[in-house]
Amino acid sequence: PTEFEMRRRNEKFAKDAREGKKPTHLSRQEKLAKRSPISSWALGIVVFVVVGGVLFELARLVFL
């Protein structure tokens, strides 16, 4: 794209941002703010341990 086209697109983007329209790409800070503080695999391990512990306790109560 030419310099003129880029300026026109930048002006349109800035105008949309001022009007409160949602930008098409999130900034790095917004992406980091949306991320969960715990990774998905760590959350999976915690859920596995908790649910597994509950299942073993239920099995112990039922069969013993």
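Author: Let us begin with the idea of a polar contact, which is a pair of N or O atoms within 3.5 Å, where, within protein, one must be able to donate a hydrogen and the other to accept it. Please keep in mind throughout that this is a predicted model.

Reader: With that in hand, which side chain does the side chain of Ser-39 make a polar contact with?

Author: The partner is the side chain of Trp-41, at 3.0 Å. Ser-39 itself lies in the loop that runs between helix 2 (28–34) and helix 3 (40–63).

Reader: Is Ser-39 buried, exposed or partly exposed?

Author: The general idea is that a residue is buried under 20% relative accessible area and exposed over 50%, with partly exposed in between. Ser-39 has a relative accessible area of 33%, and therefore counts as partly exposed. In space, the C-alpha atom of Ser-39 is 27 Å from that of Lys-22, the two being 17 residues apart in sequence.

Reader: What can be said in the same way about Glu-3, and where is Glu-3 found?

Author: Glu-3 belongs to helix 1, which covers residues 3–18, and its relative accessible area of 55% makes it exposed. The side chain of Glu-3 is joined to that of Arg-7 by a polar contact of 2.6 Å. Between the C-alpha atoms of Glu-3 and Leu-32, which are 29 residues apart along the chain, the separation is 32 Å.

Reader: And where does Pro-1 sit?

Author: Pro-1 is in the segment before helix 1, and with 75% relative accessibility Pro-1 is counted as exposed.

Reader: Turning to the whole chain, how many helices and strands does it have?

Author: There are 3 helices and 0 strands, and read along the sequence they give the pattern α-α-α. The chain is more spread out than a compact globule, because its radius of gyration is 25 Å, well over the 11 Å that the globule rule gives for 64 residues. Along the principal axes, the C-alpha trace spans about 80 × 25 × 15 Å.

Reader: How much of the chain is made up of buried residues?

Author: Buried residues account for 5% of the 64 residues. The chain exposes about 6,500 Å², of which carbon and sulfur atoms supply 65%. As for charge, the mean positions of the 13 positive and 7 negative charges are 3 Å apart.

Reader: Finally, which residues does UniProt list for "transmembrane region"?

Author: The unreviewed UniProt entry lists residues 41–63 under that name. In this model, residues 41–63 are 100% helix and 0% strand, with the end C-alpha atoms 32 Å apart.

Conventions:
Residues numbered from 1 in each chain as written. Predicted model: local features only at pLDDT ≥ 70, side-chain atom pairs only at ≥ 80, totals over all residues. Heavy atoms only, no water. Helix = DSSP H or I, 4+ residues; strand = E, 2+ residues; numbered from the N terminus. Rg over C-alpha atoms; globule rule 2.2 N^0.38 Å. Buried < 20%, exposed > 50% of the residue type's maximum accessible area, 1.4 Å probe, protein only. Areas by Shrake-Rupley, 256 points an atom, 1.4 Å probe, with all protein chains shown as cover. Lys, Arg positive; Asp, Glu negative; His and termini not counted. Charge placed at Lys NZ, Arg CZ, Asp CG, Glu CD. UniProt positions renumbered as here; feature names shortened; annotations may be inferred.
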